[in-house]
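Biologist: I'd like to learn how to read a fold like this one. Can you walk me through it, a feature at a time?
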Amino acid sequence: MIDIRNLTQEKIAEQLMAIGEKKFRAKQVFEWINKGVQSFDAMKNLPKTLMDQLKEQYYLDNASIVEQLESEDGTIKSLHKLVDNNVIESVFMTYKHGYSACISTQVGCRMNCAFCASTLNGMIRNLTAGEMLGQLYEIQNMTGKRIDHVVLMGSGEPLDNYEEVVRFLKMSCSEGGLNLSGRNITLSTCGIVPQIYKLADEKLQITLAISLHNPFDDERTQIMPINKKYGIDELVAAVDYYIQSTNRRVTFEYALIEGENDSDRHAEALGSKLKGKLVHVNLIPINAVEEKKMRPSQNSRINRFKTILMDKYNVNTTIRRELGSDINAACGQLRNQHIEINTIQE
Ligand SMILES: C[S@@+](CC[C@H](N)C(=O)[O-])C[C@H]1O[C@@H](n2cnc3c(N)ncnc32)[C@H](O)[C@@H]1O
Ligand code: SF4
């Protein structure tokens, strides 16, 4: 069986024409998929014979929501079950100007960052573009809201699944598809340098976010092993290239961990690295993960860090509003709880 959500309109046309159908049927099927229908019977303008043929060859339910947690601020964290029974998670958030979804790009992650729950059980497999889209369809079905912003910040490293992620980006922005604007999609990476150059050359209008978390190579390597392979200066050079090629502002994510990366010395070093560049720094108090012994910095420390970056180095800086903190919105946590419960039950 083939996952039909994973096919472009052109591919569907090719396959339908091979069984003697007219090309316009592909457009109809593609539009239904992008409306998020969960069965072929819901594709009301198709003849019954075609519906039956589709049922024999394809499936449509690649990311069904099996568990949900809703926070007081309206943030909803969902656990999606994939057809091979692996689980991934997404987060739906309400903003002043619309609705946003944070989705996963891999089942788990192999990058081993010290503070991250996504990596606790290693990397199981890459998601397909269709499974990334499936998360969006299912969230829209569940909430009845149209998502206009997407962030690839769920579990997984998007640039470690380059081909499928780029296919997802192109499909989600395609006409007749979800029709998202590239400008409203953020791809966050731990810094796989060669893939940043490659992404820059795709000339997609998406926002790139870099998870930096420390401006010193020796310290960053301690919490983010990828830094051993691609050091900070190499990473910043790739970001310069991205900015030059796309003319898009790049975001640097900086999760503040008490006593680890939140001192004036860190703020000064970060400020001098980023000064004068078309970048934005997003400061995030680290989300405590039970298995990791790291605590978020105090508010006064976070404010001081921001002041140094802004006033001394003129680097545009914001403190990220914490959404869903009462439901453990740190990526990977719900999935880990699910895996733990199922392991205990087995
Ligand atoms: C889960 S990652 C997925 C995207 C990509 N792999 C990356 O590292 O950018 C999304 C963001 O969450 C951050 N993150 C991971 N664990 C966190 C935690 N416990 N508290 C706050 N942020 C966390 C990452 O550093 C990254 O900026
Ligand atoms: S922060 Fe990103 S790259 Fe690091 S382990 Fe988590 S998901 Fe993977």
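Modeller: Strands (E, at least two residues) and helices (H or I, at least four) are DSSP runs, numbered from the N terminus. This is a predicted model, where local features need pLDDT of at least 70 and side-chain atom pairs count only at pLDDT 80 or more, while totals for chains, interfaces and linings use all residues. Residues are numbered from 1 along each chain as its sequence is written, and chains are lettered from A and ligands numbered from 1 in the order in which they are written.

Biologist: Then let's start with the sheet. What is the order of the ten strands?
Modeller: In general, strands of a sheet pair through backbone hydrogen bonds, either parallel or antiparallel. Here the sheet is open, with mixed pairing and the order 3-4-5-6-9-10-11-12-13-14. Strand 3 (64-70) and strand 14 (317-319) are the edges, each pairing on one side only. From one strand to the next the twist averages 20°; axes are lines fitted to C-alpha atoms, for helices over the stretch in contact, and angles run from 0 to 180 degrees between N-to-C directions.

Biologist: In which sense do strand 3 and strand 4 pair?
Modeller: Antiparallel, over six bridges, with strand 4 covering residues 76-81. Serine 64 has lysine 81 as its bridge partner in strand 4. The hairpin of these two strands has five residues between them, and glycine 74 there takes a positive phi near 95°.

Biologist: And how many residues lie between strand 5 and strand 6 in their hairpin?
Modeller: Two. Strand 5 (residues 87-95) and strand 6 (residues 98-102) run antiparallel, joined by five bridges, and tyrosine 95 stands opposite glycine 98. On to the parallel pairs: strand 6 pairs that way with strand 9 (residues 149-152) over three bridges, where alanine 101 has valine 150 as its partner. Strand 13 (residues 279-285) and strand 14 are also parallel, over three bridges, and there valine 281 partners threonine 317.

Biologist: Now the helices. How do the axes of helix 6 and helix 9 cross?
Modeller: Two packed helices are described by the angle between their axes and the distance between the axes. For helix 6 (residues 193-202) and helix 9 (residues 232-246), the axes come within 9 Å and cross at roughly 5°. They are therefore roughly parallel to each other (angles under 35 degrees count as roughly parallel, over 145 as roughly antiparallel, 65 to 115 as roughly perpendicular and the rest as oblique). The contact residues divide into eight nonpolar, two polar and two charged. For those classes, Ala, Val, Leu, Ile, Met, Phe, Trp, Tyr, Cys and Pro count as nonpolar, Asp, Glu, Lys and Arg as charged, and the others, Gly among them, as polar.

Biologist: Last one: which residues come nearest to ligand 1?
Modeller: Near means a C-beta atom, placed from the backbone, within 6 Å of the molecule or strand. Of the 17 residues around ligand 1, the nearest are Cys116, Met153, Ser188, Ser211 and Asn287. Strand 10 (185-189) and strand 12 (250-256) each supply at least two residues of that shell, which divides into ten nonpolar, five polar and two charged. Around ligand 2 you'll find, among others, Cys109, Cys113, Cys116, Cys190 and Ser211, and its shell has five nonpolar, six polar and one charged residues.

Definitions and conventions. Two strands pair if DSSP finds at least two bridges between them.
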